Amino acid sequence: MDQIIAELKKIPPVTRFVCLSTAGMTISVMMKLLDPKWIVYFHSWVWSKFEIWRIPTSFFLASTNINFVFEMAMLYRNLNSIETQHFLNKSSDLAWQMLFVAGSLIIGTRPVGSVIFLHPLLAALTYVSSALAPPGAQTSLMGLVTIPVAYFPYVMVALDFLMAGPHRAAEAVAGLVVGHAWWWSVWGGSLGSQGVLAQYGQAPQWLRNFFGEGRRPRPPAGPRGNATGGAAAGLRASGIEVVPPRRVANAEQSEGHQWGVGNRLGS
């Protein structure tokens with residue numbers, strides 16, 4: 001048990017909380033320990049009966065069939081990638097931004113009448129993770145086909161349409177729209193730049209204290225684009241350190257002892 005707890009502590013805090021909450025709630029529903037009608041989002045019950053707990057719980061219910069395994073794998077992979085690579089030591093900022101993402105997903109899926117929001121959340125996380133991936137990165141689709149990471153969110157929508165129908169695909173499209181808005185507003189449409197709402201994406205001090213991150217200086221305000229020192233600074237702010245290439249040694253210089261020119265014999 002101690003070893004399991006130690007391994008869980010290695011997972012970043014936001015990823016750990018979301019994945020464990022999703023697994024715990026979904027397994028409880030599978031085992032008939034929890035009635036899903038008490039945790040899904042019914043708009044009238046939330047705002048007229050003030051059943052506010054339905055807002056967070058509706059994001060933690062996955063499929064109760066074999067798709068549960070795939071959804072958990074995607075949730076962990078995408079969220080862990082975002083948190084470890086682009087929110088290193090800034091998990092509070094990720095949690096703060098995901099609050100706005102969750103609110104946007106509730107509003108964005110109103111036209112299709114969604115009551116569970118894990119699938120659109122997965123689509124938003126997949127979009128951001130793919131948009132922040134290195135250029136030319138590829139991923140495997142079920143171990144059968146290799147495609148560019150940038151196209152994976154759209155393939156996901158197509159598969160939803162073919163396998164689960166237009167309603168599921170519409171939820172995924174709403175997630176992609178929210179994911180694009182998140183990417184554009186924070187990263188400005190590219191990894192080396194800064195979005196117009198980047199400063200508002202920083203967590204308040206009380207949330208930083210909750211995550212044990214304490215005080216940290218805010219980046220200096222600047223114009224849009226490479227506001228804090230160009231692409232290298234944007235990459236560094238996202239958790240990627242830019243290291244200049246090593247200087248190549250002069251090929252004409254030989255290794256070992258350097259002999260002198262010497263003198264001609266008999267001179």
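Modeller: Start where helix 8 (residues 152–164) meets helix 9: their axes come within 7 Å and cross at roughly 160°. Helix 8 is therefore roughly antiparallel to helix 9. The crossing is right-handed. On the helix 8 side, P153, Y154, V157, D160, F161 and A164 make the contact. Helix 9 answers with P166, R168, A169, A172, V173 and L176. By class, this contact has 10 nonpolar, no polar and two charged residues.

Some terms first. The model is predicted: local features need pLDDT of at least 70, side-chain atom pairs count only at pLDDT 80 or more, and totals for chains, interfaces and linings use all residues. Residues are numbered from 1 along each chain as its sequence is written, and side-chain values use heavy atoms, with hydrogens and water left out. Helices (H or I, at least four residues) and strands (E, at least two) are DSSP runs numbered from the N terminus. An axis is a line fitted to C-alpha atoms, for helices over the stretch in contact, and angles run from 0 to 180 degrees between N-to-C directions. Under 35 degrees counts as roughly parallel, over 145 as roughly antiparallel, 65 to 115 as roughly perpendicular, and the rest as oblique. A crossing is right-handed if the near helix is turned clockwise from the far one by less than a right angle, left-handed if anticlockwise. Contact means heavy atoms within 4.5 Å. Ala, Val, Leu, Ile, Met, Phe, Trp, Tyr, Cys and Pro count as nonpolar, Asp, Glu, Lys and Arg as charged, and the others, Gly among them, as polar.

Helix 9 (residues 166–187) also packs with helix 7 (residues 118–131), at an angle of about 45° and with axes 7 Å apart. That makes this pair oblique. Their crossing is right-handed. Helix 7 brings H119, P120, A123, A124, L125, Y127, V128 and A131. They meet R168, E171, A172, G175, L176, G179, H180, W182, W183 and W187 of helix 9. Here the classes are 12 nonpolar, four polar and two charged residues.

N78 belongs to helix 5 (residues 67–86). Leaving aside neighbours within four places in sequence, N78 is in contact with L125, T126 and S129. The side chains of N78 and T126 make a polar contact at 3.0 Å (a pair of N or O atoms within 3.5 Å; within protein, one must be able to donate a hydrogen and the other to accept it, and residues adjacent in sequence count only if both atoms are side-chain atoms). The C-alpha atoms of N78 and Y127 are 9.2 Å apart, across 49 residues of chain. N78 is buried, because its relative accessible area is 3% (buried is under 20%, exposed over 50%, partly exposed in between, with a 1.4 Å probe and protein chains only).

T15 sits in helix 2 (residues 13–30). Not counting residues up to four places away in sequence, T15 touches Y76, L79, N80 and E83. Its side chain makes a polar contact with that of E83, at 2.7 Å. T15 has 0% relative accessibility, so T15 counts as buried.

For scale, the protein has 11 helices and two strands. Of its 267 residues, 40% count as buried.
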